[in-house]
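Please open the structure and keep it beside this note while you read. Each point can be checked by eye.

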Amino acid sequence: MKRDRLTRAQRKEQTRQHLLEAAREMFVQKGLAATSVEDIAEAAGYTRGAFYSNFGDKRELLIELLRRDDDRAREKLHEIMETGGTPEEMKERAITYCGEQFLERECFPLWLEARLIAYRDTAFRVCFDAFRRERLGQVREYISMLSGRNGRPLQLQADALAIGLVSLCDGLQLFSMCNPQMVSDKVIQSVLAGFLSCVLTRQPEEQCDGYCARVPD
């Protein structure tokens, strides 16, 4: 069967996708500074000119990688929110979401490197902060929805709890990445369950029995 010829736009998108995939692997393995434009182009099977016809520089490419990763995570959270269910079902799906989207992301090292760049580069920080605001906004919305379904007031403002949950997930991922022998997936899930059960859905006088994480000796 004769294949349909790709249009110019399709070829450009294909080239762009190959460059992104090559850059993601190299950035994770070597870091942005140690990866050259030539490295990315060669790994993708293209020339330096092909790179610059799609991206202004490596940081612009990194922003695109972060945007795509952020889009996937937000789509998954939106899907969970749309599914609804009982408060317990929503909590369990939230734990699973955190595990999949925050704790097992292959792109997490890219986000770490992006934080360092944003700390030093004001222009880059503007783009990076937009991702964080969008993510926090959606997590805040989910927390408010969970509280409404549960019929109980939140102990803290939803904004503060969203920051706490995202920071907890990022911290667990960093700890697990640097010290994988010290924390298991079971402990991570237990920590997340404890946070959601003890902070989001309980009354102040209630206890968190059954959700306290035990770190192995």
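This is a predicted model: local features need pLDDT of at least 70, side-chain atom pairs count only at pLDDT 80 or more; totals for chains, interfaces and linings use all residues.

The points below cover ring pairs, salt bridges and a charged patch.

1. Look at the aromatic rings. The structure holds four aromatic pairs. One of them joins Trp-111 and Phe-128. Their ring centres are 5.8 Å apart, and the angle between the planes is 55°. That pair is tilted. Trp-111 belongs to helix α6 (residues 108-120) and Phe-128 to helix α7 (residues 122-150), so the pair ties together parts that are 17 residues apart in sequence. Both Trp-111 and Phe-128 are buried.

2. Stay with Trp-111. It also pairs with Phe-131, with the ring centres 5.8 Å apart. How are these two rings set against each other, tilted or edge-to-face? The planes of Trp-111 and Phe-131 stand at 75°, so the pair is edge-to-face. The cut-off for that label is over 60 degrees. Trp-111 sits in helix α6 and Phe-131 in helix α7, so this pair links parts 20 residues apart in sequence.

3. Trp-111 has 2% relative accessibility, so it counts as buried. Phe-131 has 9%, so it counts as buried too. The limit for buried is under 20%.

4. Find one more group of rings. Phe-51, Tyr-52 and Phe-55 are linked into a cluster by ring pairs.

5. Turn to the charges. Side chains of opposite charge can pair when their charged atoms come close. How many salt bridges does a search of the whole structure find? The search finds 17. Three of them are taken up next.

6. Take Asp-121 and Arg-59. They form a salt bridge, and their closest N and O atoms are 2.4 Å apart. Asp-121 lies in the loop between α6 and α7, while Arg-59 is in helix α4 (residues 58-83), so the bridge ties together parts 62 residues apart in sequence. Arg-59 counts as partly exposed because its relative accessibility is 33%.

7. Now see Asp-70 and Arg-135. In this salt bridge the closest N and O atoms are 2.8 Å apart. Asp-70 is in helix α4 and Arg-135 in helix α7, so parts 65 residues apart in sequence are tied together. Are the two residues buried or exposed? Both Asp-70 and Arg-135 are buried.

8. Arg-132 lies in helix α7 and Asp-170 in helix α8 (residues 158-178), so the pair joins parts 38 residues apart in sequence. Arg-132 is partly exposed, because its relative accessible area is 24%. Asp-170 has 10% relative accessibility, so it counts as buried.

9. Follow the shared partners. Salt bridges that share partners join ten residues named here into one network: Glu-13, Arg-16, Glu-64, Arg-67, Arg-68, Asp-70, Asp-71, Arg-74, Glu-134 and Arg-135. The bridge between Asp-70 and Arg-135 came up in point 8.

10. Finish on the surface. Arg-5, Arg-8, Arg-11 and Lys-12 gather there in a patch of positive charge. Arg-11 is part of helix α1 (residues 8-30). Its relative accessibility is 42%, so Arg-11 counts as partly exposed.

Terms used:
Residues are numbered from 1 along each chain as its sequence is written. Side-chain values use heavy atoms; hydrogens and water are left out. Patches are made of residues with over 30% relative accessible area and no salt bridge: like charges are joined within 9 Å, nonpolar side chains (Val, Leu, Ile, Met, Phe, Trp, Tyr) within 5 Å. Accessible areas come from the Shrake-Rupley method with a 1.4 Å probe; for residues, only the protein chains shown count as cover. A salt bridge is a side-chain nitrogen of Lys or Arg within 4 Å of a carboxyl oxygen of Asp or Glu. Lys and Arg count as positive and Asp and Glu as negative; His and the chain ends are not counted. The place of a charge is taken as NZ of Lys, CZ of Arg, CG of Asp or CD of Glu. Helices (H or I, at least four residues) and strands (E, at least two) are DSSP runs, numbered from the N terminus. Buried means under 20% relative accessible area, exposed over 50%, partly exposed in between (1.4 Å probe, protein chains only). Rings of Phe, Tyr and Trp (its six-membered ring) pair if their centres lie within 6.5 Å; planes under 30 degrees apart count as stacked, over 60 as edge-to-face and the rest as tilted.
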